[in-house]
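Subject: A structure for you to look at

Hi there,

Here is the structure I promised to pass on to you. Have a look at it first, and then read on for what turned up.

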Amino acid sequence: APLPHAKLTEHLEECTQAHLMLLMRRLLEQQDQIKQLCSKVANLEAQNQELVSQRERDLKAHALQRESDLNSHGLSTAQVAGLETKVAALEKRLAQEAKDLKKALDEGHGKSH
């Protein structure tokens, strides 16, 4: 039921104990919820740490496997890096040659028309 403004002071004086009990109940509910949330955060942090550790183990295993694969094919990491550099340079050179060829063709069409 709505409480008229004129009776507010009287109501608060009469019901102080009840209001404090309601306030205490809410405070305890919030403290319980905070404990639950802290527990969830701790669980999630532990799960996250396990996932991070597992990922690191997987990355190391992958790197070791890659190195093993390269070694079994007679290639060192330095040789692979050198080949990757050569491929990148070749791709760059071919792109430039294609660009030059297109330019030459465009100029050739311009002269004949």
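Let's start with a question: how many residues apart are Arg 26 and Glu 29 in helix H2, and what does that spacing amount to in helical turns? They are 3 residues apart, which means that about one helical turn separates Arg 26 from Glu 29. Please keep in mind that this is a predicted model.

Arg 26 and Glu 29 form a salt bridge, and their closest N and O atoms are 2.7 Å apart. As background, side chains of opposite charge can pair when their charged atoms come close. Arg 26 has a relative accessibility of 53%, so it counts as exposed, the cut-off being over 50%. Glu 29, at 38%, counts as partly exposed.

H2 covers residues 16-72, which makes 57 residues. From its first C-alpha to its last it reaches 83 Å, close to the 84 Å expected at 1.5 Å a residue. Just after H2 comes Gly 74, with a positive phi of about 75 degrees.

Now for the other salt bridges.

- Arg 93 pairs with Glu 97, with the closest N and O atoms 3.1 Å apart.
- Lys 102 meets Asp 106 in a salt bridge, at 3.1 Å from N to O. Lys 102 is exposed, with a relative accessible area of 52%, whereas Asp 106 counts as partly exposed at 42%.

Finally, go back towards the start of the chain. Which residues make a nonpolar surface patch there? They are Leu 3, Leu 8 and Leu 12, and the patch is about 240 Å². Leu 8 is placed in helix H1, which covers residues 8-14. With a relative accessibility of 36%, Leu 8 counts as partly exposed.

Enjoy exploring, and write back with any questions.

Best wishes

Note on methods. Residues numbered from 1 in each chain as written. Predicted model: local features only at pLDDT ≥ 70, side-chain atom pairs only at ≥ 80, totals over all residues. Heavy atoms only, no water. Patch = residues over 30% accessible without salt bridge, like charges linked within 9 Å, V, L, I, M, F, W, Y side chains within 5 Å. Areas by Shrake-Rupley, 256 points an atom, 1.4 Å probe, with all protein chains shown as cover. Salt bridge = Lys/Arg side-chain N within 4 Å of Asp/Glu carboxyl O. Helix = DSSP H or I, 4+ residues; strand = E, 2+ residues; numbered from the N terminus. Buried < 20%, exposed > 50% of the residue type's maximum accessible area, 1.4 Å probe, protein only. Expected span 1.5 Å × (residues − 1).
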